Amino acid sequence: MLDGFVRAAAAAPAVRVADCALNAEEIRRLMERAAREGVSFLCLPELCLTGYTCGDLFRQETLLGAARAALGALVRASAAHNLLVAAGLPLAQGDKLYNAAAVFGRGRLLGFVPKTHLPNYGEFYELRHFSPAPDGVGTIDFDGQAVPFGTSLLFVCEAQPAFRLAVELCEDLWTPSPPSVRHALAGATVLANLSAGDETIGKAAYRRALVAGQSARLVCGYVYAGAGRGESTTDMVFAGHQLICENGVTLAEAPPFADGWALSEIDLSALLHDRRRMNTFPATATAAAGYVTVPFSLDTSLSSLTRAVDPRPFVPADTREKRARCEEILTMQATGLATRLAHTGVRAALIGVSGGLDSCLALLSTVRAVAALARPLPDVLAVTMPCFGTTARTRQNAHRLCEALGVTCREIDISESVRRHLRDIGHPEDARDVVYENAQARVRTLVLMDLANQVSGLVVGTGDLSELALGWATYNGDHMSMYGVNAGVPKTLVRHIVGHVADTCGDSALAAVLRDILATPVSPELLPPEDGAISQQTEALVGPYELHDFFLYHIVRWGRAPRAVLALAGTAFAGVYAPDEIRAWLRVFCRRFFAQQFKRSCLPDGPKIGSVTLSPRGDWRMPSDAVCDAWLADLEAAPEAPPAP
C-alpha cells in the first residue's frame with residue numbers, strides 16, 4: 001500500500017458550445033475513464049458544461065437551466081464512481097450570475113466555488129455576464145439541497161485527511177494575490193484551477209512556469225485543467241493544456257493540442273512534511289478562520305504509482321543538468337575550503353590520498369580552492385599512506401593522480417607504526433578484527449595531523465555524506481579533519497562528479513587515472529589483498545550505496561516511514577533488487593543510522609551542498625542515544641513484498 005499519495009487527473013472534454021447535454025455526456029465518459037484508472041480527483045475546465053465562449057447566451061435562462069440539469073445528471077452518475085470531480089458552469093444566485101466550479105462525488109453535490117477575479121480585457125469580457133465572488137460563505141438551493149457556496153471552502157477527505165482540496169478559477173491565478181495563497185495557508189494541500197485561457201504564442205511556457213511556481217510557493221499539489229479545442233470559435237483558439245504540479249515540479253502534462261488528459265499522483269505526505277518544517281505556514285486553525293470544511297467520503301488507497309520514482313534522487317537524470325550540478329558542487333566545495341584556508345592563514349592543505357573515489361574528489365576540490373586563491377599547486381600536500389590492505393592499483397593511482405594535478409605528493413608507509421601500536425596494546429597482528437582495521441585509520445589521521453603541525457597546514461577531510469549516514473568511518477580516524485569538504489556529497493553523486501571531471505578536464509593523463517579510480521571497487525583497504533586484488537568491498541559489507549542514498553534521501557529529506565520507503569524503493573528498483581534484498585538493506589540502514597549518530601554529533605565543519613545534510617550544527621540535530629525500535633517495527637509491519645510498479 002502506498003500511503004500518502006492521491007491520484008489526480010486534469011482533462012478537457014470535447015465541448016460543443018451551448019450543448020449542455022452533449023457536454024455532460026462527454027464529462028460522464030471522462031469520469032468513467034478516471035474511475036477505471038484509479039483517479040481520486042478529476043479536474044475539468046471552466047464553464048465546461050456550457051462552453052466558455054457562449055457570450056451573451058449566458059443571459060439566456062434556457063442555457064442556465066440546461067446547465068443545472070446537466071450538473072444534476074452528472075452528480076447522480078457520480079454515485080457509481082469512487083471519484084471527486086470539479087467542473088465549471090454558469091450559476092445563477094438571486095439577481096447575480098457567477099462563473100463557478102461545482103465540486104461533487106459519490107452522488108453528492110458538495111459545494112460551489114465562484115470565480116473571484118473576472119477579466120475584462122482583450123477577448124475576455126466576463127464582467128459583461130458574471131459577478132465577482134461575494135464575501136463569506138453561504139448556501140445555494142440546488143434541487144432542494146442547501147449547497148455551500150463561496151470561495152472559502154475546504155473539501156476534506158475523511159479517509160485521508162491530508163487530502164484537502166480548494167478551488168480557484170483561471171484568472172484568479174494570474175492576479176497579484178491569488179485566492180490559492182489564502183487557501184494554502186488555510187490548510188489546502190491540493191489546489192484546483194478550472195481554466196479556459198486561450199492559446200497564444202509563448203503562453204503555454206508562461207502558464208507552465210506559473211503553475212509550477214505557484215505549487216512551489218504554496219508547497220502544494222496544483223491541478224490545472226484548460227479548456228480544449230472544442231471551444232475554438234470566433235477569434236480564439238483553445239488548446240486543452242493540462243498540468244499537474246507538486247512543489248515546483250511538473251508531474252504530468254498534456255501539452256497544447258494534445259489529447260487533453262494528464263494524470264499523476266500527488267505526494268501529500270511530502271507536502272505536509274515540508275510545511276511542518278517551515279514557519280511561513282501558520283497554524284491551520286488560525287489561518288482557516290472563515291473557512292467552511294466540507295467532508296467527503298472517498299477511498300484513496302493506491303497499490304502502484306504512475307509517476308516516476310527516481311532511483312538516484314541526488315543525481316540529475318538530464319545530462320546537461322548533471323554536468324551543471326557537478327560544476328556547481330565543485331565550486332561550492334572549493335569556495336568553502338578557500339575561505340577556510342584564507343582565514344586560517346595556513347601554508348598548505350593536506351589530504352590523505354588513497355587512490356579511491358572520496359579522496360580523489362577531495363583533492364580535485366582542494367586544487368580548485370588553491371587555484372581560486374592564486375596560490376601555487378605544490379601548496380597542496382597529498383599524503384599516501386600504504387598499509388596492510390593497500391593494493392598496487394590504488395597505490396599507483398594515488399601517485400598518478402597527484403602527478404597529473406601537479407600537487408606535492410608524499411608517501412609514508414605506516415605498516416611498521418601500526419604493528420608497533422598493535423604490539424603496544426597487546427593485540428595480535430593475525431587477529432583481523434575491528435581493532436586491526438581501526439588502528440590503521442587512526443594512525444593515518446595521526447600522521448596527517450602531525451604533518452599539518454609540521455608544515456603549518458590544514459587537514460582536508462575526505463568522508464562523504466553516505467558514509468556519515470551509515471557511520472562507515474573510524475571514530476577519530478578518517479572521521480576527523482579540520483574541514484570535511486565532501487561532507488555534503490552522497491556517494492552516488494561523488495562518482496558522477498569525478499566522472500564529469502574526467503570527461504571535461506582536457507588532460508588525457510588526468511582523465512585516464514580518474515577513469516581507473518572510477519572503475520576501482522569501493523573499499524577501505526584495511527584487510528590484506530587476495531592475490532593482489534582488493535579483498536574488502538564496502539558494498540558487500542554495508543549494502544549498495546545507491547540503495548542507501550535512496551533511503552537517506554527519503555527518510556531525512558521527506559521524513560518518510562520505513563514502510564513507505566520500502567514501497568517506493570520497490571518501484572524505483574524493480575528488476576534491479578529483489579524485494580527481500582531491499583528490506584534487508586533498509587533494516588541495516590535504519591540500525592546503522594541511529595547507532596552511529598554519535599559520530600555525526602562531533603563532525604568537523606564542511607560545506608552544505610544540498611537539501612540533505614547531517615551536520616549537527618545545521619539541518620540535522622539528533623540525540624546520539626535515540627533508539628530505532630519504532631522504525632524497525634514499522635518496517636517489519638510492511639507487506640512482505642513491495643507493490644509492483
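Buried means under 20% relative accessible area, exposed means over 50%, and partly exposed lies in between. Keep that cut-off at hand for these exercises on a predicted model.

**Exercise 1.** Decide whether Glu 265 and Arg 7 are buried or exposed, then describe how their side chains meet.

*Solution.*
Step 1: Glu 265 has a relative accessible area of 0%, which is under 20%, so Glu 265 is buried.
Step 2: Arg 7 has 7%, so Arg 7 is buried by that cut-off too.
Step 3: The two side chains form a salt bridge, 2.6 Å from N to O. This pair joins distant parts of the chain: Glu 265 sits in strand S16 (residues 261-267) and Arg 7 in strand S1 (residues 5-11), 258 residues apart.

**Exercise 2.** Classify the partners in the salt bridge between Lys 608 and Asp 619.

*Solution.*
Step 1: The closest N and O atoms of Lys 608 and Asp 619 are 3.0 Å apart. Both residues lie in the loop between helix H19 (597-600) and helix H20 (629-636), eleven residues apart.
Step 2: Lys 608 has 45% relative accessibility, between 20% and 50%, so Lys 608 is partly exposed.
Step 3: Asp 619, at 41%, is partly exposed as well.

**Exercise 3.** What volume does the largest cavity have, and which residues are closest to its centre?

*Solution.*
Step 1: The structure holds four cavities of 30 Å³ or more.
Step 2: The largest cavity has a volume of about 120 Å³. Of its 15 lining residues, Gly 463, Leu 468, His 479, Leu 603 and Pro 604 are the closest to the centre.
Step 3: Sorted by type, the lining has six nonpolar, six polar and three charged residues.

Key: Residues numbered from 1 in each chain as written. Predicted model: local features only at pLDDT ≥ 70, side-chain atom pairs only at ≥ 80, totals over all residues. Heavy atoms only, no water. 1 Å grid on protein atoms, 1.4 Å probe; cavity = no way out; pocket = protein on both sides within 12 Å on 5 of 7 lines; lining within 4 Å. Points joined across faces, edges and corners; volume = space filled by probe spheres on them. Nonpolar A, V, L, I, M, F, W, Y, C, P; charged D, E, K, R; others polar. Salt bridge = Lys/Arg side-chain N within 4 Å of Asp/Glu carboxyl O. Helix = DSSP H or I, 4+ residues; strand = E, 2+ residues; numbered from the N terminus. Buried < 20%, exposed > 50% of the residue type's maximum accessible area, 1.4 Å probe, protein only.
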